[in-house]
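Student: I have just opened this entry and would like to be walked through it. Could we go piece by piece?

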Amino acid sequence: MTIERFDVGTRLSEMAVHNGTVYLAGQVAADGSQDIRGQTAQVLDSIDALLERAGSDKGKLLRVQIFIADLSDFPALNEVYEKWLPAGAAPPRATVQAALAKPEWKVELVVTAAV
């Protein structure tokens, strides 16, 4: 059994690959001063970059979990997210309201994808 970990820290790895599946840690915006659209775009860019490093892409998403701080931001988040998704490749998804680890964060995404 081989597990490849990326950007390993003391608390978490940004990504792990095992048996043809890519598991990402929760991705949040680097710039928490942006609105939900800006933060969502940042997070999706991070996801794209990590998936590319693993030899995958957003067309191979298996599951997406979204944690959003304020449900009133849900329509704007969906607007950015739907533009990002490839046509016909929408994965199973769950979205929940949650208090995120930093008050400036508006959204966090957890992604699983095939290689």
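Student: To begin, which residue just after α1 takes a positive phi?

Tutor: That residue is Gly 55, whose phi is about 80°. Please keep in mind that this is a predicted model.

Student: Noted. What does the secondary structure come to overall?

Tutor: The protein has two helices and six strands. Along the sequence they follow the pattern β-β-β-α-β-α-β-β.

Student: And in what order do the strands sit in the sheet?

Tutor: The order is β1-β2-β3-β6-β4-β5, in an open sheet with mixed pairing. At the edges are β1 and β5 (93-97), each of which pairs on one side only. On average, neighbouring strands of this sheet are turned by 10° against each other, direction ignored.

Student: Which residue of β5 stands opposite Gln 65?

Tutor: Gln 65 stands opposite Ala 94 in β5. Phe 67 likewise has a residue of β5 opposite, namely Val 96.

Student: And on the β6 side, what is the bridge partner of Val 64?

Tutor: The bridge partner of Val 64 is Val 111 in β6.

Student: Let us turn to the helices. Which strands does α1 lie across?

Tutor: Helix α1 lies across β1, β2, β3, β4 and β6, and runs at about 25° to β6. As for the other helix, α2 packs on the sheet and touches β4, β5 and β6. The direction of α2 makes about 155° with that of β4.

Student: How far apart are the end C-alpha atoms of α1, and what span should its residues give?

Tutor: The end C-alpha atoms of α1 are 26 Å apart. The helix has 18 residues, 36-53, and at 1.5 Å a residue these should span 26 Å, so the two values agree.

Student: What happens at the start of α1?

Tutor: There, a side-chain oxygen of Asp 35 comes to within 3.2 Å of the backbone nitrogen of Arg 37.

Student: Which residues of α1 are buried?

Tutor: The buried residues are Ile 36, Gly 38, Gln 39, Thr 40, Gln 42, Val 43, Leu 44, Ile 47, Leu 50 and Leu 51. They pack against β1 (3-8), β2 (13-18), β3 (21-24), β4 (61-68), α2 (74-84) and β6 (107-114).

Student: Why would residues a few places apart in a helix point the same way?

Tutor: An α-helix has 3.6 residues a turn, so residues three or four places apart point the same way.

Student: I noticed Gln 39 in your list. Why does Gln 39 count as buried?

Tutor: Gln 39 counts as buried because its relative accessible area is 0%, and buried means under 20%. Leaving aside residues up to four places away in sequence, Gln 39 touches Ala 29, Asp 31, Gly 32, Gln 34, Glu 104, Trp 105, Lys 106 and Val 107.

Student: Now the loops. Is Ala 101 buried or exposed?

Tutor: Ala 101 is exposed, at 70% relative accessibility. Its place is in the loop between β5 and β6. The C-alpha atom of Ala 101 is 14 Å from that of Asp 70, and these two residues are 31 residues apart along the chain.

Student: Where does Gly 59 lie?

Tutor: Gly 59 lies in the loop between α1 and β4. It is partly exposed, with a relative accessible area of 41%.

Student: What does Gly 59 touch?

Tutor: Not counting residues up to four places away in sequence, Gly 59 touches Pro 86 and Ala 89. Along the chain, Gly 59 and Ala 114 are 55 residues apart, and their C-alpha atoms are separated by 9.1 Å.

Student: Finally, the whole protein. What radius of gyration does it have?

Tutor: The protein has a radius of gyration of 14 Å. A compact globule with 115 residues would have one near 13 Å, so the value agrees. The C-alpha trace spans about 45 × 35 × 20 Å along its principal axes.

Student: And what share of the residues count as buried?

Tutor: Of the 115 residues, 40% count as buried.

Terms used
Residues are numbered from 1 along each chain as its sequence is written. Side-chain values use heavy atoms; hydrogens and water are left out. Helices (H or I, at least four residues) and strands (E, at least two) are DSSP runs, numbered from the N terminus. The expected span of a helix is 1.5 Å times one less than its number of residues. Buried means under 20% relative accessible area, exposed over 50%, partly exposed in between (1.4 Å probe, protein chains only). Contact means heavy atoms within 4.5 Å. A polar contact is a pair of N or O atoms within 3.5 Å; within protein, one must be able to donate a hydrogen and the other to accept it, and residues adjacent in sequence count only if both atoms are side-chain atoms. Two strands pair if DSSP finds at least two bridges between them. Axes are lines fitted to C-alpha atoms, for helices over the stretch in contact, and angles run from 0 to 180 degrees between N-to-C directions. The radius of gyration is taken over C-alpha atoms; the globule rule is 2.2 Å times the number of residues to the power 0.38.
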